[in-house]
Amino acid sequence: MLPIPFLLLLLSSILSPSSAADFCVADLSLPTTPAGFSCKKASTVTISDFVFSGLGTTANTNNIIKAAVTPAFTSQFPGLNGLGLSAARLDIEIDGVVPLHTHPAASEVLVVTQGAILAGFISSSNSVYYKTLYKGDAMVFPQGLLHFQVQCGSTPAVAFATFNSPNPGLQITSLSLFGSSLPSPLVEKVTFLDDAQVKKLKKVLGGTG
């Protein structure tokens with residue numbers, strides 16, 4: 001058992017504000033690691049590292065899902081590195097959809113600022129939770145769970161998301177199955193879809209195999 005004086009010294013070093021740097025701005029010139037980006041030298045840090053101006057611009061939604069995400073993650077916003085948070089803007093045109101997807105490394109809070117969005121998630125026990133959100137409404141999506149957003153109403157929708165990770169990660173279920181090189185016979189086995197359906201979806205989403 002450690003002596004009490006040593007325990008007190010260890011505790012004070014952990015709790016002391018001076019025991020850690022104020023920030024760790026990402027050095028984007030170096031490769032990322034499982035722990036994130038390396039820190040820039042303090043002498044090279046500027047105010048620009050702590051400001052991101054991209055969330056005020058409407059993104060291009062001219063794509064198959066009629067939706068687009070503008071991320072404010074570490075790669076775009078170096079000052080987030082090591083702080084455990086990030087943000088994003090979501091634009092969804094009329095009839096647009098963000099398909100079922102997960103963020104393996106973060107929970108998400110979505111706040112609608114324009115239009116209406118039908119949003120929901122599926123729990124690990126296959127319980128489904130969904131609701132139409134209007135301007136000012138917020139919804140939380142727990143880490144790792146499948147979730148989606150669908151535009152509702154007569155106007156395009158805009159929402160802003162925050163995450164409890166500087167890099168939440170993203171995996172879109174349909175793209176993983178039908179936009180990848182996973183062989184069609186295997187896709188058919190794991191989805192119970194027939195060959196014609198799988199080939200049609202692979203053609204639409206750019207898959208091979």
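1. The strand β1 gives the most to the lining of the largest pocket, with four residues. Strands (E, at least two residues) and helices (H or I, at least four) are DSSP runs, numbered from the N terminus. A pocket is an open set of points on a 1 Å grid over the protein atoms alone, where a 1.4 Å probe fits, with protein on both sides within 12 Å along at least five of seven lines; lining residues have an atom within 4 Å of a point.

2. On the basis of the note: this is a predicted model, in which local features need pLDDT of at least 70 and side-chain atom pairs count only at pLDDT 80 or more, while totals for chains, interfaces and linings use all residues. Residues are numbered from 1 along each chain as its sequence is written, and side-chain values use heavy atoms, with hydrogens and water left out.

3. The largest pocket has a volume of about 330 Å³. A volume here is the space filled by probe spheres set on the grid points, which are joined across faces, edges and corners. The pocket is lined by 22 residues, and those nearest its centre are Val-69, Val-98, His-101, His-103 and Leu-170. Two or more lining residues come from each of β1 (67-72), β2 (86-92), β3 (97-102), β4 (108-114) and β9 (157-163).

4. By class, the lining of the largest pocket has 16 nonpolar, four polar and two charged residues. In this count Ala, Val, Leu, Ile, Met, Phe, Trp, Tyr, Cys and Pro are nonpolar, Asp, Glu, Lys and Arg are charged, and the others, Gly among them, are polar.

5. The second largest pocket holds about 160 Å³ of space. Its lining consists of Ile-64, Ile-65, Val-97, Pro-99, Ile-172, Ser-174, Leu-175, Leu-201, Val-204 and Leu-205. The elements giving two or more residues to this lining are β3, α2 (173-178) and α4 (195-205), and α4 gives the most, with three. By class, nine residues of the lining are nonpolar, one is polar and none is charged.

6. UniProt lists residues 53-199 as "domain: Cupin type-1", in an unreviewed entry. UniProt positions follow the numbering used here, feature names are shortened, and annotations may be inferred rather than shown by experiment. Over residues 53-199 the chain is 13% helix and 41% strand, and the end C-alpha atoms lie 41 Å apart.

7. Which residues touch the most other members of the largest nonpolar core? They are Leu-110 and Ile-117, in a core of 20 residues. Such a core is a set of buried Ala, Val, Leu, Ile, Met, Phe, Trp, Tyr and Cys residues joined through side-chain atoms within 4.5 Å. Two or more members come from each of β2, β4, β5, β7 (138-141) and β9, and β9 gives the most, with four residues.

8. Leu-118 lies in strand β5 (116-122). The residue counts as partly exposed because its relative accessible area is 23%; buried means under 20%, exposed over 50%, and partly exposed in between (1.4 Å probe, protein chains only). Not counting residues up to four places away in sequence, Leu-118 touches Tyr-130, Lys-131, Thr-132, Phe-148, Gln-149, Val-150 and Cys-152. The C-alpha atoms of Leu-118 and Tyr-130 are separated by 7.0 Å, and the two residues are 12 apart along the chain.

9. Asn-126 is found in the loop between β5 and β6 (128-134). Asn-126 has a positive phi of about 70° although it is not a glycine. With 62% relative accessibility, Asn-126 counts as exposed. Asn-126 and Leu-146 are 20 residues apart in sequence, and their C-alpha atoms are 9.9 Å apart in space.

10. Asp-95 is in the loop between β2 and β3. Asp-95 has a positive phi of about 70° and is not a glycine. Its relative accessible area of 60% makes Asp-95 exposed.

11. Is Asp-49 buried or exposed? Asp-49 is buried, because its relative accessibility is 8%. Asp-49 is placed in the loop between α1 (4-15) and β1. Beyond its neighbours within four places in sequence, Asp-49 is in contact with Val-25, Lys-40, Thr-44, Phe-77, Pro-78 and Gly-79.

Conventions:
Contact means heavy atoms within 4.5 Å.
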